[in-house]
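This short report covers domains, a helix, a sheet and a core. The sequence and structure come first.

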Amino acid sequence: MNAQLRSLKELQDIDIVWSDVNKEINNINAKIDGKARELEETRQRIEILSNSIKEKDLRKKIVEGEIRTDDEVVKRWEGRLKEIKSSREYQALMREISLTKKDISEKEDIVLQLIEEIEKGDAELKTLQEDYDNSFKIWNSENTGLIEKIEELRNKIKNNDSKRSEILKTLSGSLIQKYERIRIQRDGIAIAEAKNYVCCGCNMNIPPQIYNQVLKRENIVSCPHCQRILYVPEEEKMNA
Ligand SMILES: [Zn+2]
């Protein structure tokens, strides 16, 4: 193979590995982030629920305090009843007592309702917290493996830059430009094999005179359809 072409092929091979490895690293990171987002959602639900329980508990305490005050008032009024001589005054105080007792009973209903809601909330909170703790544990242990995997992948391309610059030294500037341009336009593949008069990059037929030029390996030849630089593997020449 033409030395330039061989270098280009080598360049493409390491660029493909680099791009595949980075895609894989991005996928792993997306997986870690996705799970972290899920965990954060659960954590927020726990916070909202826990605040709502606290609020209800506070309301319960306030209403219970009101009930105690009302109870004392009723007791005081009931004590006063014995001292009242006027029947009209007696009736009026009795009505007040009855209204306050009704009020107390309504407040007691509110407290019962709040107790029920708090108990329900506590149970839900417990389940959520357990879910969160379990998911966090799993996420944490899975992460260790995933982070190791990322490290492993990074090692795979650790020498990428130095290998690349070594290869670039052997290529002309215009050829590097051409390679980069086609690589961007053609989804990372700038060098394609030519096989049986077909470009393996775009699967279109290559005219015989162009195919023969590729076989000669003297010049850089591009596919007339996709512009990818064409090559034939070494053994192909023997058969041609
Ligand atoms: Zn092509």
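## Domains

The protein is divided into two parts: domain 1 covers 18–156 and domain 2 covers 172–239. Their centres, taken over C-alpha atoms, are separated by 68 Å. The model is a predicted one.

## Helix α1

Helix α1 runs over residues 3–81, which makes 79 residues. Its end C-alpha atoms lie 116 Å apart. At 1.5 Å a residue the helix should span 117 Å, so the two values agree.

Which residues of α1 are buried? They are Leu 5, Ser 7, Leu 8, Leu 11, Gln 12 and Asp 15.

Three strands form an open sheet in the order β2-β1-β3, and the pairing is mixed. The edge strands, β2 (198–199) and β3 (229–231), each pair on one side only.

Strand β1 (residues 191–195) runs parallel to β3, and three bridges join them. In this region Glu 193 stands opposite Tyr 231 of β3.

## The nonpolar core

The largest nonpolar core has 20 residues. Ala 194, Ile 229 and Leu 230 touch the most other members. Elements giving two or more residues to this core are α1, α4, α5 (208–216), β1 and β3.

Take Ala 194 as a case. Neighbours within four places in sequence aside, Ala 194 is in contact with Cys 199, Ile 206, Tyr 211, Val 214, Leu 230, Tyr 231 and Val 232. In soluble globular proteins, nonpolar side chains tend to be buried together.

Note on methods
Residues are numbered from 1 along each chain as its sequence is written. This is a predicted model: local features need pLDDT of at least 70, side-chain atom pairs count only at pLDDT 80 or more; totals for chains, interfaces and linings use all residues. Two strands pair if DSSP finds at least two bridges between them. Helices (H or I, at least four residues) and strands (E, at least two) are DSSP runs, numbered from the N terminus. The expected span of a helix is 1.5 Å times one less than its number of residues. A residue is buried if 20 or more other C-beta atoms lie within 10 Å of its own, exposed if 12 or fewer, and partly exposed in between; C-beta atoms are placed from the backbone. Domain bounds come from an automatic or database domain assignment. A nonpolar core is a set of buried Ala, Val, Leu, Ile, Met, Phe, Trp, Tyr and Cys residues joined through C-beta atoms within 7 Å. Two residues are in contact if their C-beta atoms, placed from the backbone, lie within 7 Å.
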